[in-house]
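Trainee: I would like to take a close look at one part of this model with you. Could you walk me through it?

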Amino acid sequence: MAINEQIKTGRKFRKLIDADSRLWLRISFWTKASDVEFDDHETAEIKFANMAGRIDEIASAFRNGVNKIYNKLKELGFTPAANSPDGICDAIQDIHDTRYTNGYNAGRLQGQEDVKANPGQYGVSTGIAQDQFTLHTSSRVHGDILNNLTAPHAGTCSLKFEVYLTYDSHSNANKCRIYVNRNNVTVAYADIEDDGFDIHPDLPEDKGTHQYTWKKTLEIPNCTSGETLGYKIVRDGADTSWIIGIY
């Protein structure tokens, strides 16, 4: 037959043990952990036993994690002074100070030296050195002028030129075109008639000779370092001299 019972909690009583001094003895009911039941129906004895096990598992997992980080730092040559979170933090700071900061600074300096030694390889233009300019001349009896250029670096290169034209015939004066070709396809173009502000007649027309100076810089896109580009100068009946350079 099942026991019919009522459960009372928080019960206590007092017993007068000295009436003259009004001293009372407080007595509480003693309860075993196995008698205390939580809302999930686990007793305090079971719950705290399980909690202790969980705490042990957490502590073990934490220690295993600390050991793993410690051993990895040791493998990398930065053994922590202590196998503890503080010791590991100090070792990580050491990595930052020695490998990251010093390594970054060393790499940065080396990169600067590499670029200075060969700027064109890194797409850095240093302008046109004097030995990059080439002087050419051609008389009017020849046809179109054909020559080659070598791209000094990858990316966009610049072609700078100055053309000097001398015409005897007024009808042919002020005519000149320059084409830059890659694999026979024009990639840059300039026409003296499109750049009238760059044209300067050097001799008066009543002398019968017409001389013009034409200055221009063209951008040549998508260059490959060391590739050969062709350029063509088309003029109508002019003695021609030109200085040209690519950078």
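Is Val36 buried, exposed or partly exposed, and what is its relative accessible area?

Mentor: Happy to, and please keep in mind that this is a predicted model. Val36 has a relative accessible area of 36%, so it counts as partly exposed, the class between under 20% for buried and over 50% for exposed. You will find Val36 in the loop between β2 (23–28) and α1 (44–75).

Now let us turn to charges. Side chains of opposite charge can pair when their charged atoms come close. The structure holds four salt bridges. One of them pairs Lys47 with Asp40 at 2.8 Å, N to O. Lys47 counts as buried, at 17% relative accessibility, while Asp40 is partly exposed at 43%.

Further along, the side chains of Glu75 and Lys72 form a salt bridge at 3.3 Å, N to O. Both residues belong to helix α1 and sit three residues apart, about one turn of the helix. Glu75 is exposed, with a relative accessible area of 59%, whereas Lys72 is partly exposed at 43%.

Another salt bridge brings together Arg182 and Glu227 at 3.1 Å, N to O. This pair links distant parts of the chain, with Arg182 in strand β6 (residues 176–182) and Glu227 in the loop between β8 (210–223) and β9 (228–235), 45 residues apart. Arg182 and Glu227 are both buried. Back at Lys47, salt bridges with shared partners join Asp40, Glu42 and Lys47 into one network.

Definitions and conventions: Residues numbered from 1 in each chain as written. Predicted model: local features only at pLDDT ≥ 70, side-chain atom pairs only at ≥ 80, totals over all residues. Heavy atoms only, no water. Helix = DSSP H or I, 4+ residues; strand = E, 2+ residues; numbered from the N terminus. Buried < 20%, exposed > 50% of the residue type's maximum accessible area, 1.4 Å probe, protein only.
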